[in-house]
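Below are a few remarks for a colleague who is looking over the model, arranged as numbered points.

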Amino acid sequence: MLPETTNVIRRIVINRRFEYSAMVIIFFNSILIGVETYFESPALMYLNYACLLLFTIELWLRYLARYSNKEFFSNRWNIFDLVIILAGYVPPSLVADHAVLIEILRLIRLLRVLRLLRTMEELRLIVTVLIRSMRTLTYNLLVMFIFLYMFAIAGTYFFRLHDPDTLSPEKRAEFYEFQVMAGWPTELRDDPYGNLSEALFTLVRCMSGDGWSDIRNNLCVASRLELINASEILVTSFHILWYILAAFLLINIIIGAVLNNFESTMTMRRREKNRLKREQQQQKLANLSERQAPQLAGTTGNKNG
């Protein structure tokens, strides 16, 4: 392709209108995917194929505007777009006998919504921050899980409801009345602290603030009825301590890690912009020097003459 044509395509691709147009198409296609969950029609199918064609043209223009193949394929967003677009051309009839492949194709098609992330620089920045934060978040989440695991085991020790088969008839009646009052299922395995997995889920609920006070109140009633081996003071202290530790310390540690990576990413972004500006200025000065060199040579020759 001629350099002039490449430059024209490159100016089109980097234009903000091109980015906004792509964003509108992606947004429209995302709405179509949602509408298809209610009903299907040939019109929706044709509209989806039209969006797929426009996505193909967009990616093709980005490829034509590349500086090199290495530069194009080293961009992970381009690879992501390429996989999604190619998967869209796979006819459903080709994998009609494979339910797993059909679900995979639907999932890949659903990922078109994520293409909105590449159309805006601010969204790309957020994704970059999240990716950079993964390593730090791994250790923070490990610390959170250690505390979560310890509290879950302690919860099963203290707050697991007694087995109704081991209770006296009077206590068994109180047990079932308590479960009805608390709104808990009659199966013992669904007791909030009946086993480790249920205890982990209960603590996650408490961490999010989802009804943790109700869990505490119900366990206080169970304590008064002697259905658990814990006092009301222990029930209250345990849940308040966990809520303070989880909501105000562990979660804030994760937020702090993300904010720290956001600040470092913004610093690197500013440095990169300053570097590009310096390179552009140097290039302009070099071009200006090249233009002025023949004129200076002609002027010197006239003086010597």
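How many residues does helix H2 have, and what distance does helix H2 reach from its first C-alpha to its last?

1. The model is a predicted one, and in it helix H2, which runs over residues 16-35, has 20 residues. From first C-alpha to last, helix H2 reaches 29 Å, which is close to the 28 Å expected at 1.5 Å a residue.

2. The buried residues of H2 are Phe 18, Glu 19, Ala 22, Ile 26, Asn 29, Ser 30, Leu 32 and Ile 33. Because these residues cover an arc of only 160° around the axis, they lie on the same side of H2. Arg 17 and Val 24, by contrast, are exposed and belong to the other side of H2.

3. The start of H2 also deserves a look, for there a side-chain oxygen of Asn 15 comes to within 2.7 Å of the backbone nitrogen of Arg 17, the latter being one of the exposed residues of this helix.

4. On the surface, a nonpolar patch is formed by Leu 142, Val 143, Ile 146, Phe 147 and Met 150, which together have about 430 Å² of accessible area. Of these residues, Met 150 is placed in helix H8, which spans residues 121-159.

5. Between Asn 218 and Val 235 the C-alpha to C-alpha distance is 9.8 Å, with the two residues 17 apart in sequence.

Terms used. Residues are numbered from 1 along each chain as its sequence is written. This is a predicted model: local features need pLDDT of at least 70, side-chain atom pairs count only at pLDDT 80 or more; totals for chains, interfaces and linings use all residues. Side-chain values use heavy atoms; hydrogens and water are left out. Patches are made of residues with over 30% relative accessible area and no salt bridge: like charges are joined within 9 Å, nonpolar side chains (Val, Leu, Ile, Met, Phe, Trp, Tyr) within 5 Å. Accessible areas come from the Shrake-Rupley method with a 1.4 Å probe; for residues, only the protein chains shown count as cover. A salt bridge is a side-chain nitrogen of Lys or Arg within 4 Å of a carboxyl oxygen of Asp or Glu. Helices (H or I, at least four residues) and strands (E, at least two) are DSSP runs, numbered from the N terminus. The expected span of a helix is 1.5 Å times one less than its number of residues. Buried means under 20% relative accessible area, exposed over 50%, partly exposed in between (1.4 Å probe, protein chains only). The arc is that of the directions from the helix axis to the C-beta atoms. A polar contact is a pair of N or O atoms within 3.5 Å; within protein, one must be able to donate a hydrogen and the other to accept it, and residues adjacent in sequence count only if both atoms are side-chain atoms.
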